Amino acid sequence: MLNMKKILMVSFLGLMAFSIHAQEKIIPDNKGFFHIKVDDGLYVISNMAWGGLAEKGTPTQNAQLIIGSEKALLIDTSTPMEGFADYVRSITDLPLMVVNSHGHLDHIGNNNQFEEIFIHPADTALLREHFSNYGKPHFTVKLINDGEVIDLGNRKVNVYNLPGHTRGSIVFLDQKTSILITGDAIARRLLYTFGDWTDLSVYFQALERIGKLKFDSILSNHDRFLISPELISRLRGAITDNIETETKTWNLMGTEYIHIVPLNDQSDPEYIDIVILKDKLPDAINDLKNNGYL
Ligand SMILES: [Zn+2]
C-alpha cells in the first residue's frame, strides 16, 4: 500500500505562495480554479490549492486542455478537488476525451468526475493502486497505445509511450502548436522512480526516440511554462555526468533517495533536479555501463 502522505509530499515539495508575474493577470474563480493560455487552443488548468499563482519555476500541479474544432482533449486530472470537471466544462462544451499521462495519484485525482478515462496499458495497475487512496473508481478505464493519433477536428495529437518515470507514461505531440506535453516523463524535476522501476537504459532509448520527433517546446505537468527540447539531452547528460559521483542523500519520510544533480535556483529555466532511489543506484549504474551509456 502506498503512503499517500509521502507521495503528496513529493508532489507539493517546495510549494510556496508566491505571486505570479503581474502581466499575467489571472483571477481564480470562487473555488480557486484558473487557467492560463499557453498557445492557440492550449491551456493549463490549475487551482489555488495546487501551487497557487506560483512564481515561475516553483513546482505546481496542473492539467492541460487542448481544444480542437470537433473535440477537446484533457490531459490529467490532478489531485481531488470538487468542481474540477465543471471548471473544464466552463472552458469548452465540446465532446471531451480525458487521458491520464500516467497512473500517479497527483495526475488521476479527479478521474471520478468523468465517465471514462484513457491510460496506457502498462499503467492500469498503477492507476488502480493509486486511485485506491481516493476511494472506489466510478470511471471506465479505456486503453490508449503508442502510435495512436487523437483527432480533435482541425488539429491532431500524437501519442507516444515513454517508459521511465513509470512504465506506461505517455507524451502528447500537439501538431498544431508543435508542443510536446510530457506529464512527468520529461520534466525539470525527474523523480526516478517511485514504486515502479524501469532501467535507465530503457528510458534513455525512449528519450532518443522521442528526441528525434519534430517539436518546438516541452510542456511538463508541474511547470506552467514552455521549455526548450534541449531539456532531453541535458537530462541525459546530467545523469551520466553525475550518477557515479554525486552522493547527496535525501530522506523522504523514511525512504532514502539520491539527488544526482545538485539543487540550484528553481526560477532558472535551466534548473533540473533528478532524484533516484538510493537502493537502486548500483543497479542503475551497472545497467548504464552494460548498455554503453557510461
Ligand atoms: Zn508522476
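A: Helix 4 passes helix 5 in a left-handed crossing, a term that applies if the near helix is turned anticlockwise from the far one by less than a right angle, with clockwise giving right-handed. The model is predicted: local features need pLDDT of at least 70, side-chain atom pairs count only at pLDDT 80 or more, and totals for chains, interfaces and linings use all residues. Residues are numbered from 1 along each chain as its sequence is written. Helices (H or I, at least four residues) and strands (E, at least two) are DSSP runs, numbered from the N terminus.

To the contact, helix 4 contributes Leu-200, Phe-204, Leu-207, Ile-210 and Gly-211, and helix 5 contributes Ile-232, Arg-236 and Ile-239; residues are in contact if their C-beta atoms, placed from the backbone, lie within 7 Å. By class, this contact has 6 nonpolar, 1 polar and 1 charged residues, where Ala, Val, Leu, Ile, Met, Phe, Trp, Tyr, Cys and Pro count as nonpolar, Asp, Glu, Lys and Arg as charged, and the others, Gly among them, as polar.

Turning to the strands, an open sheet of mixed pairing has 5 strands in the order 8-9-10-11-13; two strands pair if DSSP finds at least two bridges between them. Strand 8 (149-151) and strand 13 (217-219) are the edges, each with a single partner strand, so one side of each lacks a neighbour in the sheet. Strand 13 pairs with strand 11 (residues 179-181) in the parallel sense over 3 bridges, and Ile-218 is the bridge partner of Leu-180.

Technical notes
Contact = placed C-beta atoms within 7 Å.
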